Amino acid sequence: MHTMPLTGIRVLDLTRIISGPYCTSILADMGAEVIKIEAPGEGDPIRRQGVVRDGLSWYFANYNRNKRSVTLDLYSAEGKEILRQLIPRCDVVIENYRPGIMEKMGFGDEALKALRPDIIHCSINGFGASGPYRDRPAFDFIAQAMSGFMSLNGGEDDPPMRAGPPISDLAAGLNGALGVVAALLRRERTGRGDSISVSLLSSMIGLLSFQASNYFASGELPPRTGNDHGIVAPYGLFETADGQVAIAPSNDAMYEKLLDALELPELRAHPEFQANADRMLNRASIKAAIEARTRQQDSHYWIERLNQYGVPCGQVLNLQEVFDDPQVADQEMAIDVPHPDGQQVRMLGFPIKFAEAPCQARSPAPALGADTDSVLEELGLSGARIRELREKGTV
């Protein structure tokens with residue numbers, strides 16, 4: 001087996017819930033050794049959320065595979081001392097406390113550098129490491145609201161709408177993982193570590209795409225357009241004989257292919273549909289003209305025909321249909337990971353495909369504190385000392 005991209009990198013994971021664990025799970029999937037620190041007796045709150053089967057949260061299992069779990073009371077002097085011993089052995093420290101908490105605990109940037117000069121410290125937080133909101137608590141819903149993202153979702157006459165998945169947590173986790181990998185590469189070149197701050201709010205603002213560009217250019221607030229596109233028409237969901245098909249002709253050349261596929265050449269000469277700007281002004285009219293045609297055949301027919309003509313299209317699938325889809329199966333986006341209790345836990349696969357060093361589910365999500373003894377033994381603690389710490393509740 002080829003060496004994985006991050007084999008040999010050790011990550012100290014002080015995160016919980018989703019943004020941080022998603023970040024560290026990406027690194028773990030790529031081969032990093034991730035040591036997850038959890039509170040004794042409690043652990044990551046996600047261990048008790050979502051659907052729990054035979055005592056295991058599959059939600060937790062999905063984001064904490066390939067990790068080692070160590071229980072450690074970071075409020076105790078002895079717990080902090082063990083952390084001080086762990087940090088020099090790690091390349092990266094990742095946490096999602098509010099800004100300033102690491103300093104209060106005695107593990108701010110300067111303290112981390114004193115323990116290991118080339119350490120990489122990644123902080124995932126709600127609003128950023130500075131600014132008037134830095135001390136506010138934040139969750140995904142708040143970041144979706146305050147970033148403007150929610151204001152862009154939903155129909156024109158509907159209230160703002162959140163995205164279903166916790167997208168700000170996931171975007172921040174992705175940005176955190178990207179920042180860590182970039183800092184590791186820089187350290188290879190310079191020998192210097194770095195301190196990285198990634199916020200839920202900035203991660204969401206970074207996704208605002210053409211809506212932000214148009215606002216900057218025009219000063220006008222973009223309207224909510226539901227499933228229609230903000231700057232292209234026709235585009236969206238179209239009725240068929242038995243349902244709907246998503247069609248996305250994103251430019252004039254694609255629009256021409258759409259007319260060919262639909263056998264609607266007469267629309268080319270229609271004065272209200274000449275340019276994209278005209279079609280945007282007459283979005284309802286062109287949608288009606290297209291649907292008069294698409295309603296004549298079922299969705300399967302149109303998926304086949306539109307693809308023959310090179311027009312991007314697809315059906316709106318529910319999760320059962322997604323994971324039954326042959327393309328999704330080919331890409332192995334659902335994998336079964338055996339757990340020690342005998343469960344085969346189905347979880348999401350790996351979206352990044354390496355040809356020579358593929359991501360792997362090397363181990364299931366650990367039981368709370370499953371690796372405490374082995375990690376402490378690696379630090380040189382004796383069995384008697386570990387038992388003593390266990391009796392005190394430090395681990």
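Predicted model: local features only at pLDDT ≥ 70, side-chain atom pairs only at ≥ 80, totals over all residues.
With a relative accessibility of 18%, Arg283 counts as buried, since the cut-off for that class is under 20%. The side chain of Arg283 meets that of Asp228 in a salt bridge, with N and O 3.9 Å apart. Arg283 belongs to helix H12 (residues 283–294), whereas Asp228 lies in the loop between helix H9 (209–218) and strand E9 (236–239), so the pair ties together parts that are 55 residues apart in sequence. Asp228 has a relative accessible area of 23% and is therefore partly exposed. The N to O distance of 3.9 Å falls within the 4 Å that defines a salt bridge.

The domain assignment gives domain 1 as 10–207 + 329–392 and domain 2 as 236–317. Between the C-alpha centres of domain 1 and domain 2 the separation is 44 Å.

After H13 comes Gly310, which has a positive phi, near 75°.

Over the whole structure, a search finds 28 salt bridges. One of them joins Asp135 and Arg134, with 3.2 Å from N to O. Asp135 has a relative accessible area of 49%, so this residue is partly exposed. Arg134, at 28%, is likewise partly exposed. Another salt bridge is formed by Asp260 with Arg268, whose closest N and O atoms are 2.6 Å apart. Asp260 is partly exposed, its relative accessible area being 36%, and Arg268 is partly exposed at 30%.

The nonpolar interior may be considered next. In soluble globular proteins, nonpolar side chains tend to be buried together. Here the largest nonpolar core has 46 residues, of which Val11, Leu27, Val92, Ile94 and Val180 touch the most other members. The element that gives the most to this core is helix H7 (residues 167–190), with six residues. Apart from neighbours within four places in sequence, Val180 is in contact with Leu27, Val92, Ile94, Cys122 and Ile196.

Ser25 lies in helix H1 (residues 19–29). Its relative accessibility is 4%, so Ser25 counts as buried. When neighbours within four places in sequence are left aside, Ser25 is in contact with Tyr63 and Lys67.

Definitions and conventions
Residues numbered from 1 in each chain as written. Heavy atoms only, no water. Domains from an automatic or database assignment. Helix = DSSP H or I, 4+ residues; strand = E, 2+ residues; numbered from the N terminus. Buried < 20%, exposed > 50% of the residue type's maximum accessible area, 1.4 Å probe, protein only. Contact = heavy atoms within 4.5 Å. Core = buried A, V, L, I, M, F, W, Y, C linked by side-chain atoms within 4.5 Å.
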